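Subject: Structure handover

Hello,

Here is the structure we talked about passing on. My notes on what was found in it follow below the display.

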Amino acid sequence: MSFRFRLKGYYQRKSARLLFRKPFLIRPQQPLISFTFDDFPRSALLVGGSILNSFGLAATYYASLGLIGKEAPSGQIFVADDLATLFDQGHELGCHTFAHCDSWETDTETFENSIVENRAALSRLVPGAEFKTFSYPISLPRPRTKAKVASHFLGCRAGGQTFNVGTADLNQLSAYFLEQSRHDIQSVKNLIDRNRQEGGWLIFATHDISDHPTPFGCTPDFFAQVVRYAVGSGARILPVIQALEVLDAPGCRQVRPSPRLVASAVRVSVSQPSLKPLVSILIPAYNAEEWLADTLRSALAQTWEHKEIIVVDDGSTDRTLAVAQQFESDSVQVVSQPNQGATAARNKALSLSKGDYIQWLDADDLLAPDKIARQAEVLDRSRGKRMLLSSPFGQFMYRWYRAQFVPTALWSDLSPKEWLLRKMGQNLFMQTATWLVSRELTEAAGPWDVRLRGNDDDGEYFCRVLLASNGVQFVPEARVYYRVFGYDSLSYIGVSDVKRDALWLSMQLHIGYLRSLEDSPGSRTASLDYLQRNLFYFYLDRPDIVSHAQQIARDLGGELGPPHLSWEYSCIKSVIGWEMTKRLALELRILRKSANKALDKALFSIDNRIHAARPLDREARVVFTEPLPPVKPI
Ligand SMILES: [Zn+2]
């Protein structure tokens with residue numbers, strides 16, 4: 001196989017997962033489990049269905065009507081009469097294409113026709129019956145197939161051997177095939193436990209249920225053990241459509257008031273007495289033992305009294321959780337989850353929050369005591385809940401009172417389009433904590449994108465918030481202290497492929513957002529500048545991304561040149577070549593930052609000994625209610 005073809009295959013597999021997603025936040029009030037059967041062998045209903053019924057439960061059967069009555073690799077397939085039994089027992093029917101087409105090997109048109117044919121065959125057999133969900137036969141779908149299939153169903157299920165939690169893809173829900181662990185009940189039990197701990201939706205799949213199962217099925221005994229353990233886990237067990245209804249998935253008829261409505265009703269009654277909006281300060285924390293206490297103190301010191309603080313420890317391996325727990329109180333809630341990245345931690349914090357406004361705060365940054373109050377003052381005068389509030393931010397390492405506040409073109413009142421044009425065209429950014437976001441805007445923007453693990457997740461998220469807003473109002477009196485680090489910073493890209501992939505995805509989304517607002521010469525130029533400036537991170541070591549970037553540049557009517565290097569590096573480049581020069585530039589950047597960091601730490605330590613951390617600079621009007629703790633001797 002030629003390299004070109006292998007590269008193409010890689011792209012397709014990757015894009016099946018990334019493209020044409022219907023992102024949807026899975027956060028049930030109670031963990032969910034569904035049982036599904038692919039191909040609908042008779043035994044799945046007669047044996048498997050009876051086992052579920054004996055617990056008062058039902059399943060979803062994904063049928064290929066072209067296989068009716070046939071002997072398939074997964075056993076004897078159902079006959080027409082079985083459909084009546086299925087509906088009588090309260091099970092659901094789902095679609096699996098008429099001819100059981102391979103989702104990867106079949107061309108999109110043939111695949112879609114097979115769905116239409118399956119639907120027609122069903123309405124001939126059971127007039128009025130409809131398929132509402134789908135399961136991809138055999139393989140992962142081609143991206144185009146995925147895009148087409150999505151429009152036919154409320155949700156589509158694939159494999160993946162895991163459960164759905166946080167932001168899931170309704171066009172490609174994950175499932176766990178039981179036959180793959182049929183000699184290992186413990187791993188199934190562990191998965192059920194994890195689904196309970198993380199509050200997810202676990203979808204089991206298998207085929208036949210028989211004393212002598214095919215390689216694609218399992219025994220009644222094994223299946224009954226799984227069902228019993230699932231019931232014992234306290235999860236709610238529902239067939240797929242009912243689960244989607246409970247999750248309030250788009251397009252699903254609402255059967256009961258959604259948790260969100262109930263929560264907002266509670267919120268209103270709680271907020272009534274003070275009439276002031278509740279602000280949720282949400283802090284994701286990973287290995288932040290050194291900083292978290294200061295960050296929490298700055299949150300507690302907010303002069304805005306009506307607040308709640310939520311810390312989500314993202315599986316830290318240091319003492320972060322212990323530090324956070326020292327602050328636990330009526331107004332500080334601390335939860336911990338296995339490490340899933342900052343985006344998942346942020347979504348978790350958001351799911352627990354009740355505030356009318358959201359203040360995001362990273363575990364090493366600080367808020368000036370009146371940060372929220374200053375922005376809240378403006379709220380009364382601002383134009384509704386769709387207005388997004390921002391503030392200045394200063395950068396520091398240890399000596400926050402020496403923070404540098406350097407204004408940029410983003411530090412003013414701007415329309416969404418103008419803001420994005422300036423950000424991308426001039427390579428600017430706004431720090432996460434500068435924003436104060438209404439719940440209405442937060443809900444319109446959707447959850448944090450968990451695909452952007454480790455890089456530019458906030459850049460992408462606030463683009464979506466911005467797109468949903470009526471514009472940005474800049475509040476110059478509100479202040480944020482942004483702690484910048486050297487090589488160990490989350491936002492340092494370095495040479496990690498995961499981070500580069502995340503940055504590249506975020507960049508493509510940025511360009512899409514800007515062009516969705518306005519596809520003009522101005523927006524194309526800003527997009528080209530943005531591509532050109534960030535090309536540095538991919539140049540030469542990621543030819544795949546560079547050629548994709550080049551292709552996008554051509555679509556925008558431009559062309560990318562080699563990345564720009566400052567003059568000292570240009571000279572070096574001609575001697576040691578581009579790749580070595582880039583490595584050198586990155587190394588020097590790290591060196592320079594760690595040197596600055598060490599120096600700042602030393603000076604901070606001296607200041608602490610002399611002044612007990614009294615503010616030295618009039619500019620920084622930050623006085624915390626408690627003195628900062630002494631710094632570890634260096
Ligand atoms: Zn199948």
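This is a predicted model: local features need pLDDT of at least 70, side-chain atom pairs count only at pLDDT 80 or more; totals for chains, interfaces and linings use all residues.

Helix α14 (residues 416-426) and helix α17 (residues 497-517) have axes that come within 10 Å and cross at roughly 140°. The crossing of α14 past α17 is left-handed. On the α14 side the contact is made by P416, K417, L420 and M424, and on the α17 side by H510, Y513, L514 and L517. Sorted by class, the residues in this contact are 6 nonpolar, 1 polar and 1 charged.

Now the chain as a whole. It has 634 residues, of which 43% are buried. Its secondary structure comes to 21 helices and 23 strands. Taking contacts between residues at least 6 apart in sequence, 75% join residues at least 24 apart.

In soluble globular proteins, nonpolar side chains tend to be buried together. In this model the largest nonpolar core has 84 residues, and those with the most contacts inside it are L282, I283, A285, V311, L361, L388 and V437. Helix α17 gives the most to this core, with 6 residues. A second, separate core has 67 residues, among them A58, F163, A205 and L238.

A285 is worth a look on the display. Apart from neighbours within four places in sequence, A285 is in contact with L292, V311, V312, D313, D314, S316, T320, A324 and A363. One of these, L292, is in contact with A285 and belongs to helix α10 (residues 292-300), where D294, T295, L296, S298 and A299 are buried as well as L292. The buried residues of α10 pack against β13 (279-285), β14 (307-314), α11 (320-325) and β17 (366-367).

The last item is H100, in the loop between β6 (92-95) and α4 (108-125). Is H100 buried or exposed? The cut-off for a buried residue is 20 or more other C-beta atoms within 10 Å. H100 has 23 within that distance, so H100 is buried. Not counting residues up to four places away in sequence, H100 touches S64, G66, L67 and P137. H100 and S114 are 14 residues apart in sequence, and their C-alpha atoms are 8.2 Å apart in space.

Regards

Methods: Residues are numbered from 1 along each chain as its sequence is written. Axes are lines fitted to C-alpha atoms, for helices over the stretch in contact, and angles run from 0 to 180 degrees between N-to-C directions. Helices (H or I, at least four residues) and strands (E, at least two) are DSSP runs, numbered from the N terminus. A crossing is left-handed if the near helix is turned anticlockwise from the far one by less than a right angle, and right-handed if clockwise. Two residues are in contact if their C-beta atoms, placed from the backbone, lie within 7 Å. Ala, Val, Leu, Ile, Met, Phe, Trp, Tyr, Cys and Pro count as nonpolar, Asp, Glu, Lys and Arg as charged, and the others, Gly among them, as polar. A residue is buried if 20 or more other C-beta atoms lie within 10 Å of its own, exposed if 12 or fewer, and partly exposed in between; C-beta atoms are placed from the backbone. A nonpolar core is a set of buried Ala, Val, Leu, Ile, Met, Phe, Trp, Tyr and Cys residues joined through C-beta atoms within 7 Å.
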